[in-house]
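Dear colleague,

I am passing on the structure that we talked about, and below it you will find my notes on what came out of it. Please read them alongside the model.

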Amino acid sequence: MNWPMHGANPQYLYERASIEMPENALDFSANINPLGPPPILLDKWEELFQTVHLYPDPFASRLKEKISELHGVHPKQLLIGNGAAEIISLLGRILAGKKVLLLQPAFSEYEEVCRINACAISHHYLAAENDWELSPSVLKKEISKMDAVFLCNPNNPTGTFYPKQIIEEMLVICEQNNCYLILDEAFYDFVQDYEDMVPLLKQYSKLIILRSLTKMYSIPGIRLGYVFASKQVIEQLQHFQSQWSINGIALQVGELLIDQEEFQQKTQIFVQIEKKKLYNFFIKEQFMHSESAANYYLLRDPLFIDQKELLTFLLNNGIIARHTYNYPSLEGKWLRFAVKSKEENQQLQGVLTKWRQVHPSSL
Ligand SMILES: Cc1ncc(COP(=O)(O)O)c(C=O)c1O
C-alpha cells in the first residue's frame, strides 16, 4: 500500500486504507500539545488580524532579538523559519551532494530532503531491543566519513531522549571529523528536567540546533521554527531562504509565545500524568510501548509482527494512529500515538480493550 508520508491529515490514511472515515474519528497521528494553544493567542487574535495588510519584517528582527536574548545566543547565530520543516529543507540545500548519516528510526523528512539534494545517505540503525540506545563510540568510524549527522532529540518516533553527556560525546567525535551534528529539538520543551544544549554552541562550531513552536504551542497551521548554528552556517541557510518566508502573523505569534514557561511546565506535568496512566494500561493489557520523554510513544501488540491489523481495527473504530512503514527499522512493527486529552486517551484504551477481547494475549 502507498502509505501517507506523515501523520495528521487523516483523510488520506482512510482513503488509502479504503475505509470510510467515521465522523468523530480521533487523530492520534499528529503530536500536538493536547492542551491546545496558550489562551493568550485567542485573546490577541483580533489584534493580530489588524496587521494582515502589512508585509512581514523580512529580517524577523523583533522575534530574533527576543529568542537570542532568551537563549543567550548572538542574533547572527539564529535564523527563523517557516516551521522547522523549512529549516530542514534549507539544511538539505547546503548539504547537497554531501555524505549524511541518519540514525534510524528518525523523522522521515531528513531522508526526503537529503534525497532531493542528492546527498549520499547512510543509515545507522538503533535497536528496539536496547530501547534505541545510542552509543557514540560505536559511531566513531562511520562519522569519520560523514559531512553531517541528523540526530532527533527526543527522537521522533520513539520519544527516546539522549542526555547531554551523549550529545557531547557525539559533538567531540563530530568536531574531530569536521562533521555537522544537526540536533533536531522539535520536542525538547516536552522533556521534564531537560538539560539545555544551547550553551554547547559556544564550544562546538559544528553544532546545529533546530527547534519548532508547532508542537508545544499547538500551532501547526501557523508554521514557525528556528535554528541556532555558527554565523557561517546561518548565512548559508539564509542565502537559500525566500523573501518574507515567515508570515507577519507567525512572527507576532512567536513573540507572544516564545517565553510561555508556565504553559510549558503545565503541559509537561499533564503529559507525564497521562503517559503514566497509559503505560500502566499497556502493561496490564500486554501491549509493548517505548519509554518516551515526549508527548507521543510507540506501541505494538507483541502477538503480531506487522501491526497493520491493529492499525485497521483502530481506523474502523475511529482511532487514527501513525503507521511506521516509512521509518526504516520499524517498518510497520510499531504504531505511534500522540498523548491527547484525558478523555481521548481513555477512548483509545477502550478501543484497545475491545481489540484485546478479540485477540487475547496468552503471554
Ligand atoms: C522531529 C521533527 N522535526 C521537525 C518537524 C517539523 O516541524 P514544523 O511543524 O515546525 O515544521 C517535525 C514535524 O512533525 C518533527 O516531528
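A polar contact is here a pair of N or O atoms within 3.5 Å; within protein, one atom must be able to donate a hydrogen and the other to accept it, and residues adjacent in sequence count only if both atoms are side-chain atoms. By that definition the side chain of Thr214 has an N or O atom 2.8 Å from an oxygen atom of the ligand, while for the side chains of Asn156 and Ser212 the corresponding distance is 2.7 Å. The protein covers 90% of the 400 Å² of accessible area that the ligand has on its own (areas by the Shrake-Rupley method with a 1.4 Å probe).

Please bear in mind that this is a predicted model, in which local features need pLDDT of at least 70 and side-chain atom pairs count only at pLDDT 80 or more, whereas totals for chains, interfaces and linings use all residues. Residues are numbered from 1 along each chain as its sequence is written, and side-chain values use heavy atoms, with hydrogens and water left out.

As for the surroundings of the ligand, 15 residues lie around it, the closest being Ala84, Asp184, Ser212, Lys215 and Arg223 (a residue is near if one of its heavy atoms lies within 4 Å). Helix 4 (residues 83-94) makes the largest contribution to this shell, with four residues; helices are DSSP runs of H or I with at least four residues, strands are runs of E with at least two, and both are numbered from the N terminus.

The structure also holds 17 aromatic pairs, that is, rings of Phe, Tyr and Trp (its six-membered ring) with centres within 6.5 Å, where planes under 30 degrees apart count as stacked, over 60 as edge-to-face and the rest as tilted. One of them, Trp132 with Trp334, is edge-to-face, at 5.4 Å centre to centre and 65° between the planes. This pair links distant parts of the chain, 202 residues apart, with Trp132 in the loop between strand 4 (120-125) and helix 6 (136-143) and Trp334 in the loop between strand 11 (319-320) and strand 12 (335-338).

Finally, some backbone details deserve a look. Most residues other than glycine have a negative phi, and most peptide bonds are trans. The bond between Gln104 and Pro105 is cis, with omega about 5°, and that from Asn153 to Pro154 is also cis, with omega near -5°. Ala60, although not a glycine, has a positive phi of about 50°, and Ala60 lies in the loop between helix 2 (39-49) and helix 3 (61-71).

With best wishes
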